[in-house]
Every structure is written in C-alpha cells, then in structure tokens.
Amino acid sequence: QVQLVESGGGLVQAGGSLRLSCAASGRTFSSYTMGWFRQAPGKEREFVALVDWSGGSTYYAASVKGRFTISRDIAKNTVYLQMNSLKSEDAAVYYCAASRQIGHVIAEYTYAYWGQGTQVAVSS
C-alpha cells in the first residue's frame, strides 16, 4: 500500500517557477515508477512526467519537456516536479501517482495509487 500527498502548488506569474513535492508512505515506495499527471478545467487528465524506481530514468510529455524536471529522493520517500518557464496552459490540478509497471508508463490505468492533487494557477 502506498499513500501519496502532494504539496507546493500555488499561484505564479507566467514565466515563473514552482516545485511540487509528493511525499509517499509505504515500505515499497522505492520499487514504484512515479508519475505526475495534471487536469485542467474541462479537460481530461493527462500525463506530465515519470521517473523510474531508481531515479535514473525519466520521461516527459512533449508539452513540458525542457521546462519541467522530475526527480525522486528515495531516502526521503519524496518525488519532485520542478516547473520552470510556466505558461498559462500549465494551470491545472497536478496529481502524483505510483505504478508497479516499468518503462514509459503513461496510461492512467497503470497507476494504482494517487494523491489528492495540488492546484497550480498561472497568471499572465
């Protein structure tokens, strides 16, 4: 069982930065692929980024590649999403999720555990 709690959301100006955190509980956290997803009002939830169990492999959606960085600190049971050069279209509720699968795990159904989400707003 894995429990996830996101934090770090807020209001930022376009071009600014935010760092989201996802604190995980559960003894097997280190064995999970961790992902970030987001859902904007009126839109479906979409994949943003993932990091493998070791932190050595990452994968990004094309819309955020080069601006966002995902990382994990296994000792702290925490996953981070550093978001730079934020745009208005990045505004959404961001969710952290955990999957037992490996590789480019971008489908929602492959993630068994989800956090409650944290709101990111971007002002122009």
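Two exercises on Asp90 and strand β8 follow, each with a worked solution.

The model is predicted: local features need pLDDT of at least 70, side-chain atom pairs count only at pLDDT 80 or more, and totals for chains, interfaces and linings use all residues. Residues are numbered from 1 along each chain as its sequence is written, and side-chain values use heavy atoms, with hydrogens and water left out.

**Exercise 1.** Locate Asp90 and state which residues it touches.

Solution.
1. Asp90 lies in the loop between β8 (78–83) and β9 (92–99); strands are DSSP runs of E with at least two residues, numbered from the N terminus.
2. The relative accessible area of Asp90 is 0%, so the residue is buried (under 20% relative accessible area, 1.4 Å probe, protein chains only).
3. Leaving aside residues up to four places away in sequence, Asp90 touches Arg38, Arg67, Phe68, Ser85 and Val120 (heavy atoms within 4.5 Å).
4. With Arg67, the side chain of Asp90 also makes a polar contact of 2.7 Å (N or O atoms within 3.5 Å, one able to donate a hydrogen and the other to accept it).

**Exercise 2.** Which strands pair with β8?

Solution.
1. Strand β3 (residues 18–25) runs antiparallel to β8, with six bridges; pairing requires at least two DSSP bridges. Leu18 has Met83 as its bridge partner in β8.
2. Strand β7 (residues 68–73) is also antiparallel to β8, over six bridges. Here Phe68 has Met83 as its bridge partner.
3. The hairpin of β7 and β8 has four residues between the strands, and Asn77 takes a positive phi near 55°.
4. Five of the six residues of β8 are buried, so the strand is largely enclosed by the rest of the structure.

Definitions and conventions: Buried means under 20% relative accessible area, exposed over 50%, partly exposed in between (1.4 Å probe, protein chains only).
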